[in-house]
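Try each task before you read its solution.

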Amino acid sequence: MTTVITLFLGITALFSLLVFVLKGLGFFKLAKLENFEKPILAFIPVANNYVLGSLAENKEKPSNLKKLLLILNIIAIITVAVFLVSSGFAISSVFESAKLAIETDVELTLSELKPFILVLVTFVLAVAAVAVYKVFYYISLWRVYNKQDKSKALMAIILSVIFAFLVPVFLLVLKKQESYSENGLPQEAE
């Protein structure tokens, strides 16, 4: 059974790494096309949000989307880490109380479960932080898709939300659509 779990975790880790690298390639390719000054940031976790925000911004009306995405991602990571640490402390505390209760033949009271209130609060904060980050992430991703191919942007973002592993596929496949002049020659899309 342990071998199956290890194999599953190994395959999952390899697949996640592959998706990360391909997404980095997609962001890198688009960043180079947009003349982004440091496209290599596309391969750095967390910093790739800055690249995504830069790609999603309107050149005529720059916003702080790149900084917002970066900050929201950092907040989400911190809140999830706090939740995991508080969960570890709460579980440890309850196990100690249960062990003591068994050794002294005393019943557990609700006061011994107070650490789980902290876990609940940090869980709600973590879920809220991740949800807000994901909303802005997918808005940015839709803007990038829309810049590349307006006709396929909606389908691409819906599939990206449902199947996150498709994000690199869309980043690598969607290309800027060329418009054609009256004489049939391609001209730069606006």
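Predicted model: local features only at pLDDT ≥ 70, side-chain atom pairs only at ≥ 80, totals over all residues.

**Exercise 1. Count the helices and strands of the protein chain and give their order.**

Solution. Start with the DSSP runs, numbered from the N terminus: helices are H or I runs of at least four residues, strands are E runs of at least two. The protein chain has 6 helices and 2 strands. Read from the N terminus, the order is α-α-α-α-α-α-β-β.

Residues are numbered from 1 along each chain as its sequence is written, and side-chain values use heavy atoms, with hydrogens and water left out.

**Exercise 2. Find which residues of H5 are buried and what they pack against.**

Solution. Step one is to apply the cut-offs: buried is under 20% relative accessible area, exposed is over 50%, and partly exposed lies in between (1.4 Å probe, protein chains only). In H5, residues 153–162, this gives Ala 153, Ala 156, Ile 157 and Ser 160 as buried. Next, look down the axis: these residues cover an arc of only 95°, so they sit on the same side of H5; the arc is taken from the directions from the helix axis to the C-beta atoms. Finally, the buried residues of H5 pack against H4 and H6, with contact meaning heavy atoms within 4.5 Å.

**Exercise 3. Classify the aromatic pair of Tyr 145 and Phe 170, and say which helices hold the two rings.**

Solution. Rings of Phe, Tyr and Trp (its six-membered ring) pair if their centres lie within 6.5 Å; planes under 30 degrees apart are stacked, over 60 edge-to-face, and the rest tilted. The structure holds 8 such pairs. One of them joins Tyr 137 and Tyr 138, edge-to-face at 5.1 Å centre to centre with 75° between the planes. For Tyr 145 and Phe 170, the centres are 5.8 Å apart and the planes at 70°, so this pair is edge-to-face. Tyr 145 belongs to H4 (residues 115–148) and Phe 170 to H6 (residues 167–173), so the pair ties together parts 25 residues apart in sequence.
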